[in-house]
Amino acid sequence: MADFLQLVDDTTPKPMRTVDDLCQRIRLYFPQADLTLIRKAYEFSEKAHSGQIRRSGEPYISHPLSVAGILADLRLDLDTIATGLLHDTVEDTQTTLEDIRREFGEVIAHLVDGVTKISQMKFRNRQEKQGENIRKMIVAMGRDVRVVLVKLADRLHNMRTLNHMPYEKQANIALETLEIYTPLAGRIGINSLKIELEDLCFRYYRPDMYYVLSQKLKKSEAEQSRYIADVKDLIISTAQKNGLKVEVQGRSKHLWSIYRKMQARNLDYEQVYDVLAFRGVVGTVGEGYEVLGHIHALWKPIPGRFKDFIAMAKTNNYQSLHTTVIGPGGERIEIQIRTQEMHLIAERGIAAHWRYKERGKIQDDTAQQAHWLRELVQWHQTVRNSEEFMDAVRTDLFEAEIYVFTPGGDVREFPDGATPIDFAYAVHTDLGSKCVSAESMARWCR
């Protein structure tokens, strides 16, 4: 289990120097893979980008190689990783989409086309161009969700190297990433990628606050490390006394999360008490509930802060038990409990459900559950104005906070601020169109 946790929790960027490094990383999870495709895609991309240099001074090929490395870290299939190597060839070189189709087939050509920006059209302003590019990506996602995985990997590496861009571009790119790409990563459940993107955006969008918070966290790092070790030992020993085994990890919440809490509640850093978060990974669902019970017996839970995302999973298939307790020394600590499989899904999202076959082809069952994606594609077909479409995308990507039961007992998830009319349309279009009133159910909940 320790090896498993190390695999999914290690988000530190690893060096990706050569195609051999990439192939070695793929073999860690796909030992029987025929890597001829990967080497061919690398050689094609290296030749196409020959002579191009990034702002950092590195050869341009370092970027697609790093994007492919991020996709390999997500344990994706070979077609997707090859697309990572080829994703900028049509946009930034003399290569055409027909060249890609001829050399690598229709699937990879579609993926490359999906992540290629619209560069031939003329736009009135940057917002219109952004809207049309996002619209194109969303439509391509509707056919194959791997398009967005390549785009997210591309954006992550660009954010990791954003320090080489001018300040104004840094702020604009960070804001766009924060509005579109981080919630998109959350929607498809790739939490590890979402967290790294958020902190990178914070660093470049609000560098003043980022520096202040990072310095304050650094000052308390030694004290927090001792506290985390003590809490971990208490949870593990309590579980062992009751015949249970649990792997526990503790950490400070990431900077963007702390900053958002400060802004939402108008607090100073010193007033944010639940800065520490712990995660317990168990063998079975039953053991998770048992461990939760022992934790609540050990420390007093805070009313209203318990959430059961196992019984009622989020729409991106995230499952976990969440609780906040008054821990040692009166500190508020947040604890999440989940199984190994749930932890894998929480970190790798939709990618965790894919199974590999010959040449790394995938069987994607989760894409069928992405109702929000299909709705976005349908919205694209009815809206001509790119600004209106972008407003719809931003609204739809916000994290849902409201859970509503249908008469049949199904659960529908809505963003904060949704109305009964939104619920009516979610049940059926005709119901939404004919809805004339809604009755409060508060009297049934006394």
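The model is predicted, so local features need pLDDT of at least 70 and side-chain atom pairs count only at pLDDT 80 or more, while totals for chains, interfaces and linings use all residues. Residues are numbered from 1 along each chain as its sequence is written, and side-chain values use heavy atoms, with hydrogens and water left out.

Start with the overall build. The protein chain has 21 helices and ten strands. These are DSSP runs, numbered from the N terminus: helices are H or I with at least four residues, strands are E with at least two. The chain counts 446 residues, and 47% of them are buried. Buried means under 20% relative accessible area, exposed means over 50%, and partly exposed lies in between (1.4 Å probe, protein chains only).

Now look at contacts, which are heavy atoms within 4.5 Å. Take those between residues at least 6 apart in sequence: 64% join residues at least 24 apart.

The surface comes next. The protein chain exposes about 23100 Å². Carbon and sulfur atoms supply 50% of that area. Accessible areas come from the Shrake-Rupley method with a 1.4 Å probe; for residues, only the protein chains shown count as cover.

Turn to the charged pairs. The structure holds 14 salt bridges. Each is a side-chain nitrogen of Lys or Arg within 4 Å of a carboxyl oxygen of Asp or Glu.

One of them joins Arg-39 and Asp-20, at 2.9 Å from N to O. Arg-39 lies in helix α3 (residues 36–48) and Asp-20 in helix α2 (residues 19–27), so the pair ties together parts that are 19 residues apart in sequence. Arg-39 is partly exposed, at 35% relative accessibility. Asp-20 is also partly exposed, with a relative accessible area of 44%.

Another salt bridge pairs Arg-155 with Glu-176, at 2.8 Å from N to O. It links distant parts of the chain. Arg-155 sits in helix α10 (residues 146–160), and Glu-176 in helix α11 (residues 167–187), 21 residues apart. Both Arg-155 and Glu-176 are buried.

Salt bridges can also share partners. Glu-98, Arg-101 and Glu-106 are joined into one network this way. Within it, the closest N and O atoms of Arg-101 and Glu-106 are 2.8 Å apart. Arg-101 is partly exposed, at 27% relative accessibility. Glu-106 is partly exposed too, with a relative accessible area of 47%.
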